[in-house]
Amino acid sequence: MHYRVVLVEHDPGMLSTLAGVIRAEPTFDLAATYSDPQAALGQSGVLRPNLFLIDVDDWANLELLPKFVSQFAKGQVLGLMERWNADKAEAVLAAGARGSILKPFQPHDVLDALSLYERRGHNLSARTVAFFSPKGRSGSTTTAAVLAIELAKKSGEAVALIDADLQFGDLAMFFDVVPTHNVVEATHDVRLLTPATLEPYFHEIGNGLWLLAGPNRPEHAELVEAQRLIDVVRMAGSLFRYVIIDLPAGFNPISLALAEFADTDILITMLNSGQEVYHMKRSIKLFNTWETYGKKIYSLFSRVNPCTPEQQRKIEAEFGREVTGILPNERRMTAIAGSGRLMQDLSDKMPLVSSIGSLAADMVAARR
Amino acid sequence: MEEHKNIIIAVFSTEAGCGKTVTAINLAAGLAKEGYSVCLVDLDLQFGDVMGYLDMVSGVNLEDAHEAMQRHPDKFRVEDYLVEYSRGGISFAVLPPPAEIQDAYLIDVATTEAIIRELADFNFIILDTTAVFSALNLAMLDMATVICYLGVMDFLPAVKNYKVGYDTLIRFQYEESKISLIENRSDSEKFIRSRDVERLLGEKFYHRLPNDYPAVAKSIRLGQPLMFSSPLSPLTQSYWQLVGRYTNRYIPPKQPKAEKEPAPQLPFSWLMGIGSDWQLAGKA
């Protein structure tokens, strides 16, 4: 692929440095440089560029990004920033651009970012989904894993699973993988990273799915600060279109902060002793306040037997609000997850998989 | 009863939903039946189930005790915050968890330790914890005479978490003799043999509790310990034996039969994902 590049940068020194880098790389052809984005927008058409590198340290430039995206639909737009800024990176994605990189850069930084961001999927904001369960033993890890698989399958985009159950996370076992890095390392290093350098912390499971595994020792959980974990999730949003977070049970600093941050919270509980609906009722009070400012709250009940609409209505009557979905029991799941064959052995014919699959289809159809 | 005073049994696990609360309740009931004074403390501060499982309500709870202890430690009387469960001639005290989830945040570890110390006049104090190494749980495990470490070995990740939890307890320098390894649902249909788990742990199970899901469901539905709701269940008998071991009532001649033989077993290698495909499980 050959790129005809338009470079927009307000600082003259930086502009000449970056222009030099681009000129030196045969893959790139420098079409024009601008310090004023308005001028770039007006004049670039005649130059037939297919790659825009636009300084986004200035919020005014950021506001013009959607215009670049719509005016040059066949081109790609990358934001340039001096230091990684999650707010700006998210604004770049929201504007429909490919993503952001740091400046000054080397040619391979641009090429790596382009290939990572292409793998990510549509140029849309990332969707972050947190799984919260009041008491544990809720089927949340299973449901999170199956949802991730289904999202990847149905969207064709990149999906990340983050095991934030920091003491006893099981996701690596569900997929029978032995990751070399984990969430503790990622949160420790995140302030020094960019999407391209964060990417290797994720273990590629295949079929569009990546995993950031939990630590090996429960006491390492203490090393994770909620804010830094949020930084990891936000940066992961530049690499993956969907970021699924499996939280530890109950309200604790990690689960609260991440549930508050995520744009979608899935409250899930397994029907077992009969007390669970009561616990869900107590938990949802807190989520209700978040819902009022736009967060999506889904409530799921797992291992519902019989899994019928009447049963759902019964649960709803007890729960006192609408239930997003009820999930049937799948006896084979213990054997499949326990033997690490989640990626191989799930079948769309399983009622559990098709229920979660339709939830994934709704999320994909929402295109956000 | 003098030789049994202030014995703290912490019921702990590293996997949610493996029977901690049911075990805590039935230990409390069994010890009470033996004539000991018992206090059951629900330390699942957010989602405690002791009160629900015993069909009790209470106007007082740990949060009230906590507040009183912080305000006037000298005037603190723990009895004011206990409720009594009583049925069929036995009774034991319960210290309920806070009523609201947000109240759980107010509970600090040092004050809780002080409250537990105030329970010293009981023969046995049973602590029902949560499946996490939290500051509170670790403080309670420190105070405990016995850690009743419960696990269900029906799922490889659960076995991993049991092993990781046990190794962590040892690494945190809890004495092995203080930890009693208890396997719950030991005879349920499963692919993992207790013997293999014991080999993995390098330690034998102290006790095995058989599976009796209907009995437990009935016990919860009726709000009664198993000895009342299902007196003849093998699980009830097994809890009674466990109580006997903690009170030195007798030494059982041998372990209860742990596994149905010849139960349909797949080779362990299958479990590790080597070899035949999962559909065999359905056929076996």
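## The sheet of chain A

In chain A, strand S1 (residues 3-8) and S2(A) run parallel and are joined by six bridges; strands here are DSSP runs of E with at least two residues, helices are runs of H or I with at least four, and both are numbered from the N terminus. Within this pair, Val6(A) has Ala32(A) in S2(A) as its bridge partner. Helix H5 (residues 107-120) of chain A packs on the sheet and touches S1, S2, strand S3 (51-55), S4 and S5 of chain A, with a direction at about 155° to that of S5(A). Contact means heavy atoms within 4.5 Å, and angles, from 0 to 180 degrees, are taken between the N-to-C directions of axes fitted to C-alpha atoms, for helices over the stretch in contact.

The model is predicted: local features require pLDDT of at least 70 and side-chain atom pairs pLDDT 80 or more, while totals for chains, interfaces and linings use all residues. Residues are numbered from 1 along each chain as its sequence is written, chains are lettered from A and ligands numbered from 1 in the order in which they are written, and side-chain values use heavy atoms, leaving out hydrogens and water.

The five strands of chain A form an open sheet in the order S2-S1-S3-S4-S5, with parallel pairing, where two strands pair if DSSP finds at least two bridges between them. Strand S2 (28-34) and strand S5 (99-102) of chain A are the edge strands, each pairing on one side only.

## The sheet of chain B

Chain B has an open sheet of eight strands, ordered S3-S4-S2-S5-S1-S6-S7-S8, with mixed pairing. Strand S3 (83-87) and strand S8 (207-208) of chain B each have a single partner strand, so one side of each is left without a neighbour in the sheet.

Strand S1 (residues 7-12) and strand S5 (residues 124-128) of chain B run parallel and share five bridges, with Val11(B) partnered by Asp128(B) in S5(B). Helix H5 (residues 135-143) of chain B packs on the sheet, where this helix touches S1, S5 and strand S6 (146-152) of chain B, at about 140° to the direction of S1(B).

## The interface

In the contact between the chains, 39 residues of chain B meet 35 residues of chain A. The rule finds five salt bridges across this interface, each being a side-chain nitrogen of Lys or Arg within 4 Å of a carboxyl oxygen of Asp or Glu. Asp170(A) forms a salt bridge with Lys160(B), with the closest N and O atoms 3.0 Å apart.
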